[in-house]
Amino acid sequence: MNIGVVGYGIAGQAAATFLAEAGHQVTIFERFAEPRPIGAGLLLQPTGLAVLRALGLEPTGARIVGLEAKTPSGRTVLDLSYADLHPKAHGMGIRRTVLFGLLHARLKLSPARLVTNTEVTGIDDACIVGKSGARHGPFDLIVAADGAHSALRPQMMPQAHAPLYPWGCVWTTVRDSAGIGATSMLRQRVRGTREMMGFLPVGEGLLTLYWSLPAAALAPGEPLDLDVMRRTAREIWPEAAGVVAEAAEANDFARATYRHVALPRWSRGGVLFIGDAAHGTSPKLGQGANLALVDAWTLADTLATGGMLNDLARRRNATVRFYRQASHLLTPLFQSNFAPLGWVRDAVMGLSCRLPVSRGLATTTLAGLRRGWLSAASLDDEGRYRLA
């Protein structure tokens, strides 16, 4: 097949590599003259790590053994461990620049053709149309992997539901001068539903810091109130106050807003949506990159076994629906203007992490293993996820 891929993020790079090496003629389009990542760090789950292994990649980052979230008083809100699933199970915190570099180098080894400096604005008669009016194609299949704020989705899927979440985050990578990453945990502090700060170890002596903010405060050109960030850190996480002060001094933050994306279907005609363009969520469950990677592998595997786009939808629907719904339900407990949700969260969630059934649901959710509300995949004897 002659396949065009729009978007050079995680989903686009992985899909283009898999498809090109399966024998398809693949052209991938990137809007920047020099491809580059956006964002600071992310958490690879056993699912995403399995896809990277299928690409022959061994990412280097920080081994993550679990997740904790606490209030300033020390009350536990979340306390989850991958070891509940298997003694060797883990996630990996990794800088986006590192993951992007791995995928970029891997794609260059494949037969896929990269076309840069091409901002895609539409699709017409199986052709990809650039902002300049240039047409590329026609293609037998167009894979739209242009992210949660997809430019193609309104045209091809006008019925799509993709509202902007009212809260987002700022992100940066900082030096771990306080030893916060020594526990190998993704650590968070929350106060009510309006204040949330977290640290993800992403490498030797490095952390990704994220700070929750209303989307209006993240508008381009809107100055960040770094004094509030410093004061918030001193009040809710004194241990981290020095690290936050260093980050504020450097003021090298990436701003991120998110959409809750729900499509009526995965494809229309010869155009297929994958990754955040198909099912963007808030980052609360840490699944965006992992879902995108599995989408890419499943697309290539479906075509390789003679399947159609409907078969891809059948294989991915239950998992994607679960994470979209769970993320949408969980996010207001941590990021909203409705204070009583924070009271409920603090009263209930710590207890639920100690009850076997709810803890099992939460841990398999964290690891990316859910296949719906009632079922989950398991790990193999080595604590790894097997693609299927």
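Student: Before anything else, what is a nonpolar core?
Tutor: A nonpolar core is a set of buried Ala, Val, Leu, Ile, Met, Phe, Trp, Tyr and Cys residues, joined through side-chain atoms within 4.5 Å. Keep in mind that this is a predicted model.

Student: OK. How many residues has the largest nonpolar core here, and which have the most contacts inside it?
Tutor: The largest core has 65 residues. L44 and F273 have the most contacts inside it.

Student: Which helix gives the largest share of this core?
Tutor: Helix α8, residues 288-304. It supplies 9 residues.

Student: Back to F273. What does F273 touch?
Tutor: Leaving out residues up to four places away in sequence, its partners include L152, M156, M157, L263 and W266. R153 and S150 are also among them.

Student: Let's zoom out. How many helices and strands are in the chain?
Tutor: The chain has 11 helices and 19 strands. Its radius of gyration is 20 Å, close to the 21 Å that the globule rule gives for 388 residues, so the chain is as compact as a globular protein of that length.

Student: What box do the C-alpha atoms fill?
Tutor: Roughly 60 × 50 × 40 Å, along the principal axes.

Student: What share of the residues counts as buried?
Tutor: 55% of the 388 residues. Also, take the contacts with a separation of 6 or more: residues 24 or more positions apart account for 74% of them.

Student: How many charged side chains, positive and negative?
Tutor: There are 40 positive and 31 negative ones. The centres of the two sets lie 4 Å apart.

Student: Where is T27, and is it buried or exposed?
Tutor: T27 sits in strand β2, residues 25-29. T27 is buried, at 5% relative accessible area. Sequence neighbours up to four places away aside, T27 touches I3, G4, V5, R113, V115 and F139.

Student: What about G205, where is that?
Tutor: G205 is in the loop between β15 (195-203) and β16 (206-214). G205 is partly exposed, at 38% relative accessibility. Beyond four places in sequence, G205 contacts V174, R175 and D176.

Student: What is phi of D125?
Tutor: Near 55°, which is positive in a residue other than glycine. D125 is in the loop between β9 (120-124) and β10 (127-130). D125 is exposed, with a relative accessible area of 64%.

Student: And what is phi of S184?
Tutor: About 60°, positive although S184 is not a glycine. S184 is in the loop between β13 (167-175) and β14 (185-191). At 24% relative accessibility, S184 is partly exposed.

Methods: Residues are numbered from 1 along each chain as its sequence is written. This is a predicted model: local features need pLDDT of at least 70, side-chain atom pairs count only at pLDDT 80 or more; totals for chains, interfaces and linings use all residues. Side-chain values use heavy atoms; hydrogens and water are left out. Buried means under 20% relative accessible area, exposed over 50%, partly exposed in between (1.4 Å probe, protein chains only). Helices (H or I, at least four residues) and strands (E, at least two) are DSSP runs, numbered from the N terminus. Contact means heavy atoms within 4.5 Å. The radius of gyration is taken over C-alpha atoms; the globule rule is 2.2 Å times the number of residues to the power 0.38. Lys and Arg count as positive and Asp and Glu as negative; His and the chain ends are not counted. The place of a charge is taken as NZ of Lys, CZ of Arg, CG of Asp or CD of Glu.
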